[in-house]
Amino acid sequence: MKPLRTFRIEPSLPDELSGLLDLAYNLRWAWRGEVREVFRRLDAELWETTGHNPVAMLGQVDQSKLEKVANDAGFMTQFRREHDELQEYLARKGWWCKQYGKSETPQMAYFCAEFGLTECIPIYSGGLGVLAGDHLKSASELCLPLVGVGLLYQQGYFRQRLNADGWQLESYLHNDFHNMPVQPVVIDDKPVTTEVNFPGRRVKIQVWVVRVGRINLYLLDTNVPENSPEDRRITNQLYGGDQETRIRQEIILGIGGVRALRALGIEPRVFHTNEGHSAFLSLERIRNLMVENGVSFDTAREAVSASNVFTTHTPVPAGNDAFEPEIIERYFGQYREQLGLSHGQFLSLGRQGDGNGDEPMSLTVLAMKLSSNRNAVSELHGEVSRKLWSGIWPGLPVDEVPITHFTNGVHTRSWISYSLTGLYDRYLGPVWKERPADESIWNAVEQIPDTELWRTHERRRERLVSFARRRMREQLSRSGAGASTLATADEALDSETLTIGFARRFATYKRASLILQDIERLDHLLNNTKMPVQIIFAGKAHPKDNPGKELIRQIVHITRRPEFRRKIVFLENYDMNLARYLVQGVDVWLNTPLRPMEASGTSGMKVAANGGLNVSVLDGWWSEGYSPDVGWAIGSGEKYQDLDYQNAVESRTLYDLLEKEVVPLFYKRGSDGLPRGWIAKMKATMRKLTPFFNSNRLVRDYAENFYLPAIERWDHLVTEDLTEAKNLSQWKQWLVEKFAQVRVENVRDNINGVSHVGQPVKVEATIMLGEIRPENISVQLYHGQLDPDGQFKQGSTAEMTPQGLCDAEGRVSYTAEVPSGRTGLAGYTVRILPRHNAMPDPREMGLIKWA
């Protein structure tokens, strides 16, 4: 039964408390504990039962309680202080505004399929979404003129429950947007909407907004009455459905997202595609330029690519969305005609090679090809990504594939405990909140008394144990457990025992069971009466990942063994709330992925900011963050051919580390009861890791290395009706036609096969240019040490300079010198690449000639 008409019911607040809505609808409370304390003081029980949702809370709080606090001088003082502070924060200039001036309109748009901002907006599944949420929070702190764009899922990601056998079950709850900190965008009393074309129909999209400090996140929703029931379900679930659902969602996000911004009057100069889900946005940007400026696809592509940023997160091909040619043609047949592209030309935008007509269209490849700024999310992931996507740039050495890296970071204030925030305030000074990536500030961690730091950490471990017991009782109660079984929940874990946390997505490559390989040894480790240990597991497997679900089942069965009943627990429904309790309360964070399959990982960074210590395989961020004074490494990054053998070796290494180093250090107490050796590692972790593995540093990396140069290139290429973009496009077409004439004819040097350390090697090359002028190409000497197979270990380049003018046939002599740095077998070769002032990276065209 449908209603005749609909209307909203809003909280009825006394006038003097109306500002509570301002606090509730701006997610700065997610990282400012003082605001959360206002809502807790209003009704602590309701704050918890609403899932830390201040909007829902204000709609449910008893009217008499509102009237009571309105007459409570203490509450009103606290509330007004925080309301005034929010207004002052929104007006205050941050780093970007101080450096580059305040922009009246957003200059950058950040697209992602999921955003993890707070548990009461459950439109995230895990690391990618939480990273995106932290990106927006740091952009707010730094005052970047940026907006976010994502999807508003009616059901979000699934809620996890385990049956009596420990098998994961999934359920989906409906998000009540009108009781969440999201609001429909309204202009001139009308909701802002846009549309996209699907086969045989148009789909309408409503736009919502979430306020994240100074940043607006716009979320797209197809659950509107004008759409068919099928289309209303497009934005139902995150990562749900089949290929049809995925391509529809990604069209809504990419193409619909660009159209939504234009409907809002927002036209950013830089678009950041965070993972490939939103890659179609590049096509819409190109189409807009073509329609509005009457230019070709190639011309529009130059301007769009120059101002696009793409971040890849997935280190394996199977994790990247790709669609078969048939489904692409069905959804994009008419669209590609607007772009002036044939079926083959359109598909080639998302293919590494041109020879395979059956190759799917990869959104990652599409994003790579239509972006001039590309990055991986850790140093090791950069190496993996360059190898994985080298087919896009054939002829380039793998280490020169144009994908750089910015190692991920976390928004510190969102993840550290309120009590630790107070400790940092006292000993680092409030400035740490404004400059959390400033290493000099974090040196003051050494001034924190060991006693205060340890007592703060012990209280957080006590909170974690208490929380885990409540969660266990709820889990057992839902599964129909009897009174005697429920009682075991109150006896699980111990607040003074060394606590290990393992929480992440349950994919098999993450090897959650590595610590369970030797049950007898695990028993001795956990049940040592003098030095006991306990483990808390949490995490979800993808609904279609049965091997991941089986891992969870195995762990649950182990937790039920008599010797482990109080020592190992598995907590259901891993979300941001549970994550905070874990990263704030554990002593050790365990991470055991198969290297190099962990692109970055950020949970260990959150633990480090709280003073917890990492025990991890040298993968992702830990490959950069590890040193002996901040934690422990499982292995040394060895490579294995036999997975079973690798698991056996690394599980033994893990047991050895725990038995011989980690556990004894934790329990080595002085006469005052303090584990000073452990505390020294805590302080080193906080001092050395927190300022670097920090999303403020990460966002500044993007801003200075990608966003600002992209803005400059966009401005240059689009001036005077894209004249510079046209010139660049035409020049590229001309060069492609003429490049076949280019070759290296002769190479000479001043040595006879032997050089000496410190003696420069002078190389001269005769280059045939044909009709191409020297200013249009770059001739480079590629040199370096060789491996036993005669291949370059890692090459370096030196620009060769022309000597004189071209002869009548187009030959020019080029010279360069390279140093003989150290003894051994070395070599060089000569290569030719394009060069143009509007093309900062000569590798981007994929044209290259080698001697």
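User: Which side chains does Lys 549 meet in a salt bridge?

Analyst: Start with the general idea. Side chains of opposite charge can pair when their charged atoms come close. In this predicted model, Lys 549 pairs with the side chain of Glu 170, at 2.9 Å from N to O. The pair links distant parts of the chain, 379 residues apart. Lys 549 lies in helix 24 (residues 546-559), and Glu 170 lies in strand 4 (residues 168-171).

User: Is Lys 549 buried or exposed?

Analyst: Read the relative accessible area. Buried means under 20%. Lys 549 has 5%, so the residue is buried. Glu 170 has 29% and is partly exposed.

User: What does Arg 336 meet in a salt bridge?

Analyst: The side chain of Glu 329, at 2.9 Å from N to O. Apply the accessibility reading again. Arg 336 is at 12% and counts as buried. Glu 329 is at 27% and counts as partly exposed.

User: Where do Glu 764 and Arg 748 lie?

Analyst: Glu 764 is in strand 24 (residues 761-768), and Arg 748 is in strand 23 (residues 743-749). They are 16 residues apart, and the pair links distant parts of the chain. Their side chains form a salt bridge of 3.1 Å, N to O. Glu 764 is partly exposed at 30% relative accessible area. Arg 748 is partly exposed at 33%.

User: Which residues are linked in a network of salt bridges?

Analyst: Arg 28, Arg 32, Glu 34, Glu 82, Glu 85, Asp 425 and Lys 433 are linked in one such network.

User: How many salt bridges does the structure hold?

Analyst: The structure holds 62.

Conventions:
Residues are numbered from 1 along each chain as its sequence is written. This is a predicted model: local features need pLDDT of at least 70, side-chain atom pairs count only at pLDDT 80 or more; totals for chains, interfaces and linings use all residues. Side-chain values use heavy atoms; hydrogens and water are left out. A salt bridge is a side-chain nitrogen of Lys or Arg within 4 Å of a carboxyl oxygen of Asp or Glu. Helices (H or I, at least four residues) and strands (E, at least two) are DSSP runs, numbered from the N terminus. Buried means under 20% relative accessible area, exposed over 50%, partly exposed in between (1.4 Å probe, protein chains only).
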